[in-house]
Amino acid sequence: MKSRHSPHPDLILHSGKIRTLAGNGSICEALACAGGRIVATGSSDEIRRLAGPDTESFDLKGRTAIPGLTDTHVHLSEKGTAEMELVDCRDFYVDVNSVADILQRLANAAAGAPKGSWIVAHGSPMQDFRIEDKRFPNRHDLDRVVPDNPVSISFGAHVTIANTPALAAAKITRDTPDPAGGHIRHDPQTGEPTGELHERAQLIVKKVAPEFNYLQLKDGIVFALDQCLQRGVTTVHDIVRYAEPVRAYQELYKEGRMHARVNILPRVIESMIESKSLIELGLITGFGNEWLRIGGVKMSIDGGITGRNACFHEPYENDEHNHGIIRIQQDELNHTVQVCHDAGLRCCVHAIGDKAFDMALDAYENAIEHSPRKDHRHRIEHMGNWLATPKLMQRMVRSGIVAIPNIAFAYYIGDAILDCVGERRLTKAFPFRTLLKNGIIIAGGSDSPGYWPVDPLRDIATAASRKMRWGDVWVPEERISVSEAFAMHTTTASWVGFEENEKGTLEVGKLGDIAVLTEDPFEIQPERIKDIKVEMTLVGGEVKYQA
Ligand SMILES: [Zn+2]
């Protein structure tokens, strides 16, 4: 038994199979927590003997416990309220297989809504590829089931469909011109708008639809953190773009409503937050406490791949002039990375296409050369998704840059993306085995919620099996082991958060962040890991979720 002196623990777990993930496959039967941390691990008999009259005791009945999981890339505060408030038509969340299924959900929502109030819904990106009808609903479909309320339903970031009352509220007619960077689709026969709005044309409707208020923002965060706990997630790295979520987190913490831990990544550039403000305040990575802290700064170079905006050296398939979009000039990127690096703020740069990788690496190499610093743990968000050439990998290793791939993209929409970047480029997609073999540090992020749920067990299953949602086993030679896949959401993810001494393994002295599972993920087919249920999640030695 390993233990730390204390009178009596607050809580013990016993008679389980506790996979500590410390060292080589170390397993124990029981552990004890006091003051939020693990104070002892050992056999059930040893640990039970520590219990006092007030110790809470849980019999795991042979079930497996693992360290609480970390998701290193989420948009939780930004999307949490939508998770709670919007009508859900997303096939990645609920059972929706046709236009009729979508209409049914909208009709149900309208039945309980006051006449004339907005019905705002969300579907999944590229859902028209997957539903039986192979198309989005149009304004007339929506009018048939909801004639009297304005309806707006978005499918991912690029398309929104509005019904007739919503188009009227937004004053969109057959004569409304396309806004810059957007497109209003018209019926080729009648010339009337079909209700389908692309890119920036979506804003015309979004501007007149009701907005969420601050209390809804706070409740949405609580809701989304609870969703995380239901999948064994105890820490997220959340990207924020304005002050309200940061204020909301601080208030929720004080109010005792924060049940999972958050590393905040303020986005700078194309954001309400400037790197200057953070630096002027003297904030450095790690400021805060074990529940809420600054994890670094986020910035973006290129766009997303589903909108064909990620920036590649080679053009998109069947689109020979489109290489994607660069949102920031190299000079500005270099400067921002340099000042954040110098100020002690870790950088997380979003780069999806290989051209964008080159820019991110140029900026990092430049900053590190000017002010050499070990242990900066700078990251490239989405690196490890599409392309990893030997040259890119060498540069990553030389500068010690961490890759944050998002295998959920492959799992959910890999088949649709084939159309954008072509077969040849995709044979190198999500090359986790190659990345690890070349010494690159990878940690997992889901980019959730919104498109799909926060669910590292799904991502671990996918990384270890390469079995995708649409049924294919995709590039099986890039499989990694279940242990390696878990590291992406436990030990390595904690290191990426500069928290390797606090979490990631179940050892004496670490935080009591623990997930209890219905099955042992190391004993089943890797692809089945995603189906494992979480029975109980503890954060700081307290039960925060119980099935
Ligand atoms: Zn993101």
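Mentor: We may begin with a pair of charged side chains: Glu255 and Lys218 meet in a salt bridge, at 2.8 Å from N to O. Glu255 lies in the loop between α9 and β17 (261–266) and Lys218 in helix α8, so this pair ties together parts that are 37 residues apart in sequence. Please keep in mind that the model is predicted.

Trainee: Which residue forms a salt bridge with Lys218 at 2.7 Å?

Mentor: The partner sits in helix α9 (residues 243–254), while Lys218 belongs to helix α8 (residues 214–230); the two are 33 residues apart. The closest N and O atoms are 2.7 Å apart, and the residue is Glu251.

Trainee: Which residues are linked with Lys218 in a network of salt bridges?

Mentor: Side chains of opposite charge can pair when their charged atoms come close. Glu251 is one partner of Lys218, and Glu255 is another. The network links Lys218 with Asp219, Glu251, Glu255 and Arg257.

Trainee: How many residues apart in sequence are Asp520 and Lys17?

Mentor: Asp520 and Lys17 form a salt bridge, with the closest N and O atoms 2.6 Å apart. Asp520 lies in the loop between β23 and β24 and Lys17 in strand β3 (residues 17–19), so the pair ties together parts whose separation in sequence is 503 residues.

Trainee: Where is Ile532, and with which residues is Ile532 in contact beyond its neighbours within four places in sequence?

Mentor: Ile532 is placed in the loop between β23 (514–517) and β24 (534–539), and it is buried, with a relative accessible area of 0%. Its C-alpha atom is separated by 9.0 Å from that of Arg458, which is 74 residues away along the chain. Apart from the neighbours within four places, Ile532 is in contact with Arg231, Leu457, Leu517, Thr518, Glu519, Pro521 and Ile524.

Trainee: Lys61 and Arg466 each have a positive phi although neither is a glycine. Is Arg466 buried or exposed?

Mentor: Most residues other than glycine have a negative phi. Lys61, with a phi of about 50°, lies in the loop between β7 (56–59) and β8 (64–67) and is exposed at 64%. Arg466, with a phi of about 60°, is in the loop between α16 and α17. At 0% relative accessibility, Arg466 counts as buried.

Trainee: What is the omega of the cis peptide bond that joins Ser448 and Pro449?

Mentor: Most peptide bonds are trans. Pro449 lies in the loop between α15 (432–437) and α16. For the cis bond joining Ser448 and Pro449, omega is about -15°.

Trainee: Which residues gather with Asp472 in a patch of negative charge on the surface?

Mentor: Asp472 is found in the loop between α16 (456–465) and α17 (482–487). It is partly exposed, with a relative accessible area of 43%. The residues that gather with Asp472 in this patch are Glu317, Asp415 and Asp419.

Technical notes: Residues numbered from 1 in each chain as written. Predicted model: local features only at pLDDT ≥ 70, side-chain atom pairs only at ≥ 80, totals over all residues. Heavy atoms only, no water. Patch = residues over 30% accessible without salt bridge, like charges linked within 9 Å, V, L, I, M, F, W, Y side chains within 5 Å. Areas by Shrake-Rupley, 256 points an atom, 1.4 Å probe, with all protein chains shown as cover. Salt bridge = Lys/Arg side-chain N within 4 Å of Asp/Glu carboxyl O. Lys, Arg positive; Asp, Glu negative; His and termini not counted. Charge placed at Lys NZ, Arg CZ, Asp CG, Glu CD. Buried < 20%, exposed > 50% of the residue type's maximum accessible area, 1.4 Å probe, protein only. Contact = heavy atoms within 4.5 Å.
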